Amino acid sequence: MELQELEAQIEAILFTIGEAIEAERIAQALGHDVDTVRRVIRNMMDRYKTEEYGIQIIELNDSFQMCTKPEMYESIIKITHVPKKHVLTEVLLETLSIVAYKQPITRQEIEAIRGVNCDHAVNKLVEYHLIAEVGRLDAPGRPIMFGTTEEFLRNFGLVSLEELPIVQPEKVEGFKLEVEEELQLKLNI
């Protein structure tokens, strides 16, 4: 099978499926090895990055998906009448970052870290498909454990969770000092 035909078949698969599909499944379907398929897809990704295309291929945990480029969003909105993207407030971002770094995590654990009720934030993040139930904790009441989704990776332009920025330990200590100082200020008022 020549390269153009292989690219056309990969393109057809990604377009038709519409969701992220594992490189291994694509390779099996086409009768090629996984490394070749990955290399061809990554070359296609580079080609789609040019200004001439309204679509792109993204990678999510060794899966690939064809989707619209973000800069095309406004044009699509005009046609589909879909509401604008969800707004992530500071509370939602804080809750989402806790889930991203501590997953799998229960609602109670999130509340212990934030120090306030997080029902609304968790429900909104589930509604936005940024987090989802990933299991249940083997403890009394079997609380739901949450983790991030492929939609989270897509929205934040990450290939995998390993790309999350690493918080340096000295910065964590600085954050703790800031919180303690802020708490002291509130208590002295």
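Helix α5 (residues 90-102) and helix α6 (residues 107-114) have axes that come within 11 Å and cross at roughly 120°, where axes are lines fitted to C-alpha atoms, for helices over the stretch in contact, and angles run from 0 to 180 degrees between N-to-C directions. Helices (H or I, at least four residues) and strands (E, at least two) are DSSP runs, numbered from the N terminus. The crossing of α5 and α6 is right-handed, a crossing being left-handed if the near helix is turned anticlockwise from the far one by less than a right angle, and right-handed if clockwise. At this crossing Val91, Glu94, Thr95, Ile98, Val99 and Lys102 of α5 meet Ile110, Ile113 and Arg114 of α6, with contact meaning heavy atoms within 4.5 Å.

This is a predicted model, in which local features need pLDDT of at least 70 and side-chain atom pairs count only at pLDDT 80 or more, while totals for chains, interfaces and linings use all residues. Residues are numbered from 1 along each chain as its sequence is written, and side-chain values use heavy atoms, with hydrogens and water left out.

Most residues other than glycine have a negative phi, and most peptide bonds are trans. Against that background, glutamine 103 and proline 104 are joined by a cis peptide bond with omega of about -5°, and proline 104 sits in the loop between α5 and β4 (105-106). Within strand β4 lies threonine 106, which counts as buried at 2% relative accessibility (buried means under 20% relative accessible area, exposed over 50%, partly exposed in between, with a 1.4 Å probe and protein chains only). Apart from neighbours within four places in sequence, threonine 106 is in contact with Leu137, Pro143, Ile144 and Met145.

Which backbone angle is positive at asparagine 61, although it is not a glycine? It is phi, at about 50°, and asparagine 61 belongs to the loop between β2 (55-60) and β3 (63-68), where it is partly exposed with a relative accessible area of 46%. Arginine 142, likewise not a glycine, has a positive phi of about 45°; it lies in the loop between β5 (131-136) and β6 (144-148) and is partly exposed, at 41% relative accessible area.

Valine 172, placed in helix α9 (residues 169-188), is partly exposed at 31%. Together with Tyr101, Val167 and Phe175, Val172 makes a nonpolar surface patch of about 350 Å². Patches are made of residues with over 30% relative accessible area and no salt bridge, like charges being joined within 9 Å and nonpolar side chains (Val, Leu, Ile, Met, Phe, Trp, Tyr) within 5 Å; a salt bridge is a side-chain nitrogen of Lys or Arg within 4 Å of a carboxyl oxygen of Asp or Glu. Accessible areas come from the Shrake-Rupley method with a 1.4 Å probe, and for residues only the protein chains shown count as cover.
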